[in-house]
Structures are given as C-alpha cells and as structure tokens.
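This report concerns a single protein chain.

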Amino acid sequence: MSVNVKVAAKTKLKEGKPVLKAIRDLDMPINDSCDGKGKCGKCLITVKAGKVNEPTKEEIKCLGQEKLDKGLRLACMVVPEDEDVTVELVIK
Ligand code: FES
C-alpha cells in the first residue's frame with residue numbers, strides 16, 4: 001500500500017525568469033539534462049494556479065499538443081505572469 005504525500009516549497013523568482021530557476025534555487029529534484037534549453041522534455045511540471053506564458057515553440061515541438069492539452073509544461077520554458085504561481089513537479 002502506498003500513500004500520497006504532498007511536499008510544498010516556496011521561493012521568490014525575479015520577473016521574467018523561468019520556473020526552473022526557482023526549482024533549482026530550492027534544490028528540488030528535477031531532471032534538467034538539456035540545461036534549460038527546452039529540448040530534453042524532462043523538466044515536466046503542471047501549473048496549478050496563477051497566470052504563466054503561453055507554451056513556447058520549444059514546448060510545442062518537444063511535448064506535442066496532446067501533452068500540452070493534459071496540462072504538462074516544461075519548467076525551463078514557463079515564466080510566471082502573476083505574483084503568485086503554483087506548480088507541481090511531475091516526477092516519474
Ligand atoms: S531542462 Fe530540458 S526541457 Fe527543460
């Protein structure tokens with residue numbers, strides 16, 4: 001049997017910076033093997049609250065419309081457009 005555990009962390013991010021920077025600043029585990037270039041498709045997140053940028057052309061190419069429609073985004077390409085944004089890491 002397994003249980004669900006939610007771990008939350010909060011930090012500040014300079015305007016215009018991608019969510020990946022906040023995740024790195026918090027030392028949270030994320031696979032960023034292409035170093036934030038939007039090519040490896042490993043830094044998956046879902047945006048739970050707040051406004052962020054529309055999917056970039058790198059995300060559309062890397063993830064495809066089906067995954068974007070399911071709410072998946074790339075942390076290295078997502079830039080908050082609100083003061084408060086909540087994301088969840090997708091850990092596989
Ligand atoms: S770090 Fe590779 S796609 Fe985001």
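## Salt bridges, core and surface

Arg-73 and Glu-59 form a salt bridge in which the closest N and O atoms are 2.8 Å apart. Because Arg-73 belongs to strand β2 and Glu-59 to helix α2, this pair ties together parts that are 14 residues apart in sequence. Arg-73 and Glu-59 are both buried. The model is a predicted one.

A search of the whole structure gives 6 salt bridges.

| Salt bridge | N to O distance |
|---|---|
| Arg-73 and Glu-59 | 2.8 Å |
| Lys-21 and Asp-25 | 2.9 Å |
| Lys-70 and Glu-66 | 3.7 Å |

Lys-21 and Asp-25 lie 4 residues apart in helix α1, so about one helical turn separates them. Lys-21 is partly exposed, as its relative accessibility is 34%, and Asp-25 is likewise partly exposed, with a relative accessible area of 43%.

The largest nonpolar core comprises 15 residues, and Val-19, Ile-45, Leu-74, Ala-75 and Cys-76 have the most contacts inside it. Two or more residues of this core come from each of α1, β1 (44–49), α2 (57–69) and β2 (72–74). The greatest contribution is that of α1, with 3 residues. When neighbours within four places in sequence are set aside, the contacts of Ile-45 include Val-19, Ile-23, Leu-72, Leu-74, Val-87 and Val-90. Arg-73, the salt-bridge partner of Glu-59, is also in contact with Ile-45.

Asn-31 is located in the loop between α1 and β1. With a relative accessible area of 37%, Asn-31 is partly exposed. The side chain of Asn-31 reaches the backbone nitrogen of Ser-33 at 3.1 Å. Beyond residues up to four places away in sequence, Asn-31 touches Lys-42 and Cys-43. Asn-31 and Ile-91 are 60 residues apart along the chain, and 8.9 Å separates their C-alpha atoms.

On the surface, Met-1, Val-3, Val-5 and Val-7 make up a nonpolar patch whose accessible area is about 560 Å² together. Val-5 is part of the segment before α1 (19–25). The relative accessibility of Val-5 is 65%, and this residue therefore counts as exposed, the cut-off for that class being over 50%.

Conventions: Residues numbered from 1 in each chain as written. Predicted model: local features only at pLDDT ≥ 70, side-chain atom pairs only at ≥ 80, totals over all residues. Heavy atoms only, no water. Patch = residues over 30% accessible without salt bridge, like charges linked within 9 Å, V, L, I, M, F, W, Y side chains within 5 Å. Areas by Shrake-Rupley, 256 points an atom, 1.4 Å probe, with all protein chains shown as cover. Salt bridge = Lys/Arg side-chain N within 4 Å of Asp/Glu carboxyl O. Buried < 20%, exposed > 50% of the residue type's maximum accessible area, 1.4 Å probe, protein only. Core = buried A, V, L, I, M, F, W, Y, C linked by side-chain atoms within 4.5 Å. Contact = heavy atoms within 4.5 Å. Polar contact = N/O pair within 3.5 Å; in protein donor to acceptor, adjacent residues only side chain to side chain.
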